[in-house]
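Please consult the sequence and the coordinates shown below.

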Amino acid sequence: MAAKADEMKQQRENARIQFRLPDGSSFSHTFQSSQTLQELRELVTDRVGSTFGSFALVATYPRRELSPEFDSCSLLDLELAPSGVVMVTAERKNVSKGGVVVVFRWTVELLEVRVAVV
């Protein structure tokens, strides 16, 4: 019984995150569940560098963008513990005539296009 309680406590203390990259590859990393989204973002920056240019992070379940406004939240608060899947979506910005900015986010599973008039 004590072994089961220790195992459950350890699951709450750790967050195993699988990262899916725009090229279809993936990698995993185990964080403390108290670590923040900012620390997760820094790991992605260190691992992929500028390979995909600027990027966004998207949790797969429940599906939501993990925007910088959540950087101070813990992985536990973001429901990424004990495990989660985060898609790293590459952004490319193209400016066309008339001051329209088109942002393309590419992943294996998702293509999102946003248009903004600047």
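## Basis and fold

How many helices and strands does the chain have? The chain has 2 helices and 7 strands, where helices (H or I, at least four residues) and strands (E, at least two) are DSSP runs numbered from the N terminus. Their order from the N terminus is α-β-β-α-β-β-β-β-β.

The model is predicted, so local features need pLDDT of at least 70 and side-chain atom pairs count only at pLDDT 80 or more, while totals for chains, interfaces and linings use all residues. Residues are numbered from 1 along each chain as its sequence is written, and side-chain values use heavy atoms, with hydrogens and water left out.

## Burial

Of the 118 residues, 36% count as buried (under 20% relative accessible area, with a 1.4 Å probe and protein chains only). Phe19 has a relative accessible area of 0%, and Phe31 is buried at 3%.

The chain holds 2 aromatic pairs (ring centres of Phe, Tyr or the six-membered ring of Trp within 6.5 Å; planes under 30 degrees apart are stacked, over 60 edge-to-face, the rest tilted). Phe19 and Phe27 are stacked, because their ring centres lie 4.7 Å apart with planes at 20°; both residues are buried.

Phe19 also pairs edge-to-face with Phe31, at 6.4 Å between centres and 70° between planes. Phe19 belongs to strand β1 (residues 14-20) and Phe31 to strand β2 (residues 26-32), so this pair ties together parts 12 residues apart in sequence.

Definitions and conventions: Buried < 20%, exposed > 50% of the residue type's maximum accessible area, 1.4 Å probe, protein only.
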